[in-house]
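Please look at the sequence and the three-dimensional structure shown below.

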Amino acid sequence: MVQQLINGISIGSIYALIALGYTMVYGIIKLINFAHGDVFFVGAYTGYFTAKAGLGLILSLIIAMAVCALLGVIIERLAYRPLRNAARIVILITAIGVSFLLENLGIVTLGAQAQGFPDIVNKSTYTLWGDVTIDSIQLIVLVVTVVLMAVLQYVVHRTKIGKAMRAVSFDMEAARLMGINVDTTISATFAIGSALAGAAGVVFAIMYPSVDPLMGVIPGLKAFVAAVLGGIGIIPGALVGGLLLGVVETGVQSIPGMSLWRDGVAFAILILILIFKPTGLFGKNVREKV
Amino acid sequence: GCGSKSTGSSSSNGDTIKIGANLELTGAVAAFGTSQLNGIKLAMEEINSAGGVNGKKLEVVSADNASKKDESTRTATKLITEDKVDVLMGAAISGDTFAAVEVANNKKIPMLTPSATNDDITFDHKKNKLNDYVFRACFIDSFQGKVMADFSADNLKAKNAVIYTDNSSDYSKGLAKSFKSEFESKGGKIVAEESYQTKDTDFKAVLTRIKTLNPEVIWVPGYYEEVGKIVKQAREMGITAAIEGGDGWDAPQLVDIAGKENLNNTFISNHYTSEDPDPKVRKFIDAFKAKYNTVPDAMAVLGYDATYMVADAVKRAGSTDKEKIKEALANTKNFEGVTGKISLDKNHDPVKAAVVLEYKDGKQTFNTKVQP
Amino acid sequence: MNKRFFIGIAISLVFYGVVQALISGEILNDFYIDTLVMLGVNIILAVSLNLINGFTGQFSIGHAGFMSIGAYVSAIMTTNLGYSFPLGLLCGCLAAAVAGLIIGFPTLRLKGDYLAIATLGFGEIIRIVWLNNDYVGGAAGLNGIERVTNWSWIFFGVLVAVVVIQNIVKSTHGRAMISVRENEIAAEAMGINVTKYKVIAFVVGAFFAGMAGAFSAHYFYGIAPTSYNFMKSFEILVFVVLGGLGSTAGTIIGTILLTLLFTYLQDIPEWRMVIYSMILILTMIFRPKGLLGNVDVTKFFKKGGASKNGGTTTTP
Amino acid sequence: MAAQQQLLKAEKVSRVFGGLKAVSDVNLEINDGELVGLIGPNGAGKTTLFNLLTGVYEPSDGDITFSGTRVNGLKPYQITKRGAARTFQNIRLFGEMTVLENVMVAYNMHAQHNLFSSILRLPTHFKGEADMREKAIEFLKIFNLESKKDEIAKNLPYGEQRRLEIARALAAKPKLLLLDEPAAGMNPQETTDLMNLIRWIRDEFKITILLIEHDMGLVMGVCERIYVLDRGQMIASGTPEQIRTNPKVIEAYLGQEV
Amino acid sequence: MLSVKDINVYYGAIHALKGVSFEIKGGEIVTLIGANGAGKSTILKTISGLLKPKSGTIEFAGQPIHGKVAQEIVKRGMSHCPEGRRVFANMSVEENLELGAFLRNDKKGIAEDLESVYVRFPRLRERSKQMAGTLSGGEQQMLAMGRALMARPKLLLLDEPSMGLAPLLVREIFNIVQEINKSGTTVLLVEQNANMALSIAHRAYVIETGKIVLAGAAQELASSDEIKKAYLGG
Ligand SMILES: Nc1ncnc2c1ncn2[C@@H]1O[C@H](COP(=O)(O)OP(=O)(O)OP(=O)(O)O)[C@@H](O)[C@H]1O
Ligand SMILES: Nc1ncnc2c1ncn2[C@@H]1O[C@H](COP(=O)(O)OP(=O)(O)OP(=O)(O)O)[C@@H](O)[C@H]1O
Ligand SMILES: [Mg+2]
Ligand SMILES: [Mg+2]
């Protein structure tokens with residue numbers, strides 16, 4: 001039982017890590033950035049190449065984050081910025097387009113087959129008691145996710161750039177009048193969100209050692225669900241949503257014969273939670289003032 | 001490489017024999033389709049450089065069914081009506097193949113699927129009807145499951161087993177089913193049946209549970225991407241039981257994903273072994289490596305053999321008459337492929353030997369050969 | 001108004017006759033018929049989703065779920081139970097409509113992206129139910145479904161879907177739905193029963209999605225759960241938005257163009273999706289309101305000019 | 001006044017937001033045919049009271065009776081159906097719909113044709129739609145908006161948007177019309193025109209009007225009775241003359257010089 | 001201080017400003033009056049860089065600023081309090097005020113100004129932790145004003161600051177505008193409440209359908225019959 005909880009938290013912290021980037025971007029421009037899962041895949045592949053080239057974990061992470069940050073900024077600049085004033089669903093469709101584009105460019109250039117990810121971390125397993133074990137990667141991911149969550153929360157709520165981000169998220173024109181450079185602020189948001197996706201990609205590829213161009217689809221979807229579960233746009237919500245989703249999935253699978261229903265139950269719980277908390281667990285139910 | 005498109009000759013009466021490859025080149029299982037197309041193309045080039053068939057060159061027209069059933073029906077129709085192919089090949093997975101079966105039957109075009117394993121594709125057991133125009137080059141699901149169940153019971157002397165199936169794959173479920181009935185008929189006990197889905201990455205929840213059951217054998221009939229992770233995670237959790245699977249495991253990436261040591265004490269059934277010293281196998285593997293810079297997986301080798309099977313049938317038919325090709329395919333006897341000596345039975349399914357391979361330090365080693 | 005409606009129907013019947021003649025005369029080969037059927041199925045899907053998303057403004061991405069219900073229920077009726085196709089079709093549509101009713105209710109509380117994720121989850125749950133049910137073949141799905149759908153079925157199916165939805169939209173009930181999309185609070189204040197109209201949109205939309213599912217199941221020989229995953233829902237959404245949210249003509253044109261584009265690109269499989277997604281992105285950037293987003297076609301014919309849009313800001 | 005029929009009655013109505021009592025123990029009575037003003041400092045709770053009366057918010061406490069029935073907890077559309085229509089402080093038109101369609105939406109609840117007759121295009125549909133259209137156009141004429149009937153609502157200038165909102169609310173054939181700052185953003189001349197329009201509407205349609213306004217010229221000019229809210233509480237009510245000189249009101253709202 | 005020469009502005013195909021020219025000298029209060037839809041807000045938006053003129057020039061403190069983006073113009077000491085309040089609804093009152101001083105770095109000065117805003121609008125202090133979106137209309141208007149003041153602008157553009165305010169507050173607002181002006185800030189004021197606006201302004205321009213049709217000293221215009229009839233409700 002405890003082991004299953006650890007399993008759940010470990011998968012959940014990965015969801016949370018990806019969800020953080022999702023929520024970050026959503027929080028600022030209200031865009032469900034469906035390409036997020038694909039930036040994640042680019043991060044993983046970048047890590048794959050750096051690892052193959054013999055670079056270690058830290059360097060691989062840094063390079064992958066940098067590449068993804070750049071990619072995120074480029075995507076925003078080319079695909080989303082021209083649509084600043086368009087309806088949100090239009091940007092959403094564009095994001096789906098970008099997602100398809102990245103995936104299929106990946107297939108064309110890298111091949112559709114999954115590749116094994118080189119071993120770059122010496123994993124050590126700690127036995128807590130009896131049969132219950134946890135390994136170093138699981139621990140690292142959890143710690144990194146929690147720390148990043150705290151950092152992001154601080155940045156968004158306590159720093160000047162964070163205030164600018166929130167102002168932009170509510171009213172771009174008024175934000176301009178405050179002297180905020182809206183474009184830079186949005187670029188920064190994308191850079192941070194995408195860097196997080198890149199980091200998640202590398203960590204994911206280390207934990208589950210294979211990479212392929214479609215690897216981001218399912219984690220991306222799960223992270224999206226996690227973000228909504230926690231209340232999309234709310235940073236601690238992403239963490240809680242991710243962990244909860246991981247634990248629920250693992251919990252369902254730990255019941256004999258239920259493994260088939262993992263996603264079904266997870267979605268059912270999601271819908272139930274939303275019915276009772278229509279804006280997610282942490283979402284403030286801000287009713288429009290009439 | 002680029003898609004080998006039809007080069008203009010629109011009718012089959014030209015100097016080419018047209019093969020239409022209806023494959024999953026994009027979408028969810030693009031990895032299978034693209035790999036298979038590589039095998040097909042290699043075979044085509046070899047055949048053509050050896051002078052073709054009956055003096056005519058082979059031409060492969062590939063079309064993408066986007067890993068979708070409805071598209072597959074349409075793609076097959078397009079290959080027949082627009083590209084006027086003589087023979088259809090594909091699709092790579094059973095679902096997409098099913099969608100093309102009726103097209104082949106209605107249009108009376110022989111169709112050979114390299115890798116669709118579902119029992120009902122060639123012979124519809126529900127309606128008790130043979131699909132006259134449909135053939136395959138691979139084992140059927142029930143065969144591999146049986147082979148490995150026998151192997152577990154007889155060679156490994158296992159008394160109990162856990163089945164861990166890819167529930168979103170028809171192939172995996174077929175293998176699981178036949179393994180179960182055979183293993184039980186031999187007195188073995190299935191202590192748990194669990195499942196996962198394609199593209200899953202974390203299997204610890206179920207493996208944790210399997211570990212407490214302490215089975216002798218874990219039967220994981222899936223594809224290498226997930227299987228590799230299952231093996232790795234199982235071993236890391238301290239599960240030492242034998243893990244077994246089918247030809248879906250056969251890919252060079254498996255070793256990278258699972259890790260060499262973790263693969264010890266795993267067994268698979270396969271058509272052949274890439275370590276086989278047989279010159280036919282060596283020639284294929286070398287040629288494939290030279291052209292694509294990677295070791296072929298099961299999909300590629302099946303595509304390769306299937307292409308030669310078509311060429312063989314056309315040669316024996318002596319023309320591109322569809323009926324004659326169909327008859328010739330049905331009469332395939334002792335065809336020497338890389339994956340063994342193939343004869344088609346009355347259900348259009350190959351009768352060929354399977355080999356059981358054991359992974360030792362990341363290398364496939366021959367264990368036993370099982371005749372059907 | 002009255003006259004226009006009937007002239008439109010007459011013109012489409014002529015179109016039907018011409019195509020039917022071409023098919024009977026074997027001038028159109030099977031591949032074209034396949035394509036026509038697929039177009040028809042996609043049009044029904046897109047037009048029905050447009051009622052929910054485009055007109056009523058409820059962000060739904062679970063349409064593939066409704067489609068799968070139509071497909072499975074009708075196929076069970078005909079293939080497993082041996083009933084006739086028309087009965088199977090009807091049951092498929094009704095079952096999907098009931099599902100629409102059920103999913104309609106969470107929408108009373110959920111808005112925007114939260115509704116989207118709930119509908120997505122709903123669609124996935126439906127898919128997982130099929131996947132885990134051996135009566136309907138599990139992962140393999142149902143195969144060996146007889147081909148019953150033909151040009152006539154699909155044509156009249158599309159006609160009914162378009163006419164019904166258009167007739168709803170161009171009436172006080174449609175205006176009520178649009179007002180819900182525009183401003184829910186004001187709509188309620190004007191006496192619009194917002195709940196009722198949202199549920200109607202979901203029920204009618206789901207009904208026709210079910211119809212599309214039944215048609216495609218009985219044309220393409222088999223169905224499987226993977227055909228109805230969230231990617232399929234996105235695909236339908238793309239048709240709608242690319243054509244123009246809230247414009248039936250736009251939706252139809254968008255669907256036709258994208259379906260044909262996808263078909264045409266079949267010959268270059270490697271680049272197929274790359275080009276497809278590039279076109280998608282570029283269309284959105286250069287025509288953010290969709291292909292026919294700000295052109296009211298009826299007005300276009302009446303006055304011989306497109307209505308002017310508000311425009312945004314002066315370009316430097 | 002005693003002879004008049006009572007239309008709306010609020011008894012001890014309160015509404016709390018978080019810790020804030022935006023409306024507290026408010027009593028209010030309006031009779032048929034009256035033209036009543038509601039004034040008070042910013043944030044006094046006037047709009048909130050409107051929201052309570054029209055069902056946008058549910059009262060935390062108290063009772064609201066409209067036309068003799070208790071309407072607490074009813075949905076806005078149900079209250080509208082019983083005969084209360086409103087405008088909003090922040091204009092809420094159906095932006096992408098035409099001017100004419102905006103007005104036609106208000107007729108939906110009186111529609112004679114149901115969904116099926118529209119789907120099947122039965123004669124009742126055509127008749128119902130034609131009726132609606134005709135009546136809507138009549139309304140637009142009254143408000144001088146007929147020439148703009150095919151414009152998209154959001155493209156109208158502000159003043160016309162306000163007028164359209166009033167037209168739309170009137171089209172719902174209410175017994176009680178609630179106007180939330182109808183003159184906001186209008187210049188004095190336009191305000192005068194609006195004042196005349198409001199009076200005319202009351203007389204022409206024989207309806208009751210309750211309006212919130214900060215423009216004292218307008219309020220004092222048209223209202224027969226005035227309620228004054230301050231910090232959620234009703235601090236005064238009476239004729240314009242009484243209100244103008246009420247020290248509490250001067251202190252809280254008007255300032256010395258009026 | 002500000003000189004606008006012959007600007008033309010379009011919304012898509014709509015020609016909203018047709019060759020508008022005017023100027024403001026340092027220390028003045030200048031008001032723009034005109035009917036609904038005349039183009040007053042458009043002028044302010046163009047000056048502050050939210051819109052770009054198709055042609056014409058705008059100079060601020062001797063430097064051309066047309067075509068510059070808003071944040072650069074803000075940096076040079078202009079602050080625009082937009083029509084319709086536009087407060088950041090999901091941020092607290094205090095955070096909104098802090099955003100007004102986004103480009104400033106003098107912590108002490110910011111704190112002083114924050115205090116003086118709270119003194120001017122005690123209601124804002126009461127609600128300093130409340131989300132701005134749930135303020136009443138009038139409270140939001142005070143917040144928008146306060147936020148604009150937090151930038152300590154040289155030139156303040158005010159778009160209908162008295163809209164929706166209670167009579168007491170309207171007077172208060174006009175007093176504040178006068179005070180701000182006395183303390184050295186130049187003000188461009190757009191108002192529907194033309195009587196009030198003219199009473200505190202030095203000069204005024206009258207705008208009709210995108211063109212300036214009249215200009216003059218505020219008192220003169222206020223006593224002109226034509227103006228009285230058209231805009232003052234007389
Ligand atoms: N949804 C809400 N959540 C929290 N507080 C609210 C909400 N709606 C209103 N309030 C508060 O209730 C008080 C009354 O607001 P209301 O909008 O009714 O004022 P008002 O009298 O209409 O003022 P104004 O004349 O400025 O429009 C205000 O202090 C406001 O901040
Ligand atoms: N975003 C827009 N798109 C199209 N037209 C616009 C837009 N904004 C304003 N207009 C038009 O430009 C003209 C000038 O508008 P502007 O808002 O400047 O007027 P205003 O004088 O400020 O009026 P008000 O007193 O109502 O605020 C109007 O005719 C208006 O309809
Ligand atoms: Mg108010
Ligand atoms: Mg204005």
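How many residue pairs are in polar contact between chain A and chain B? The count is 14 residue pairs, with both residues at pLDDT 80 or more. A polar contact is a pair of N or O atoms within 3.5 Å; within protein, one must be able to donate a hydrogen and the other to accept it, and residues adjacent in sequence count only if both atoms are side-chain atoms.

This is a predicted model, in which local features need pLDDT of at least 70 and side-chain atom pairs count only at pLDDT 80 or more, while totals for chains, interfaces and linings use all residues. Residues are numbered from 1 along each chain as its sequence is written, chains are lettered from A and ligands numbered from 1 in the order in which they are written, and side-chain values use heavy atoms, with hydrogens and water left out.

On the side of chain A that touches chain B, at least two residues each come from α1 (2–29), β1 (115–116), α8 (182–207), α10 (235–253) and α11 (262–276) of chain A. Helices (H or I, at least four residues) and strands (E, at least two) are DSSP runs, numbered from the N terminus. The largest share of this side, five residues, is supplied by α1(A). By residue class, the side of chain A that touches chain B comprises 13 nonpolar, 14 polar and six charged residues. Here Ala, Val, Leu, Ile, Met, Phe, Trp, Tyr, Cys and Pro count as nonpolar, Asp, Glu, Lys and Arg as charged, and the others, Gly among them, as polar.

In total, 33 residues from chain A and 29 residues from chain B take part in the contact, where contact means heavy atoms within 4.5 Å. The area buried between chain A and chain B is about 2,600 Å², and carbon and sulfur atoms give 48% of it. Buried area is the accessible area (1.4 Å probe) that two parts lose on being put together, summed over both. Two salt bridges are found across the interface of chain A and chain B; a salt bridge is a side-chain nitrogen of Lys or Arg within 4 Å of a carboxyl oxygen of Asp or Glu. One of them joins Asp200(B) to Arg262(A), with the closest N and O atoms 2.9 Å apart.

The interface of chain C and chain A may be described in the same terms. Here 38 residues of chain C are in contact with 46 residues of chain A. The two chains bury about 3,700 Å² between them, with 83% of it on carbon and sulfur atoms. Asp113(C), Tyr114(C) and Ile117(C) supply 18% of the area that chain C buries against chain A, more than any other three residues. Asp113(C) also forms a salt bridge with Arg88(A), at 2.5 Å from N to O. Six residue pairs are in polar contact across the interface of chain C and chain A, both residues being at pLDDT 80 or more. The side of chain C that touches chain A receives two or more residues from each of α5 (112–131), α10 (230–243) and α12 (269–286) of chain C. Its residues divide into 29 nonpolar, five polar and four charged.

Which residues coordinate the magnesium ion (ligand 3)? They are Thr47(D), through OG1, and Gln89(D), through OE1, at 1.9 to 2.1 Å. Donors are N, O and S atoms within 2.8 Å of the metal (3.2 Å for Na, K and Ca); water is not among the atoms, so sites may look incomplete. Thr47(D) lies in helix α1 (residues 46–53) of chain D and Gln89(D) in the loop between β6 (84–86) and α3 (99–105), so that the pair links parts of the chain 42 residues apart. Thr47(D) is buried, at 8% relative accessible area, and Gln89(D) is buried, at 13%. Buried means under 20% relative accessible area, exposed over 50%, and partly exposed in between (1.4 Å probe, protein chains only).

The magnesium ion (ligand 4) is coordinated by Ser41(E), through OG, and by two OE atoms of Glu83(E), at 1.8 to 2.8 Å. Ser41(E) is buried, with a relative accessible area of 14%, whereas Glu83(E) is partly exposed at 29%.

Some backbone details remain. Most residues other than glycine have a negative phi, and most peptide bonds are trans. The peptide bond from Gly90(B) to Ala91(B) is cis, with omega near -5°. Asp25(D), in strand β2 (residues 20–31) of chain D, has a positive phi of about 50°.
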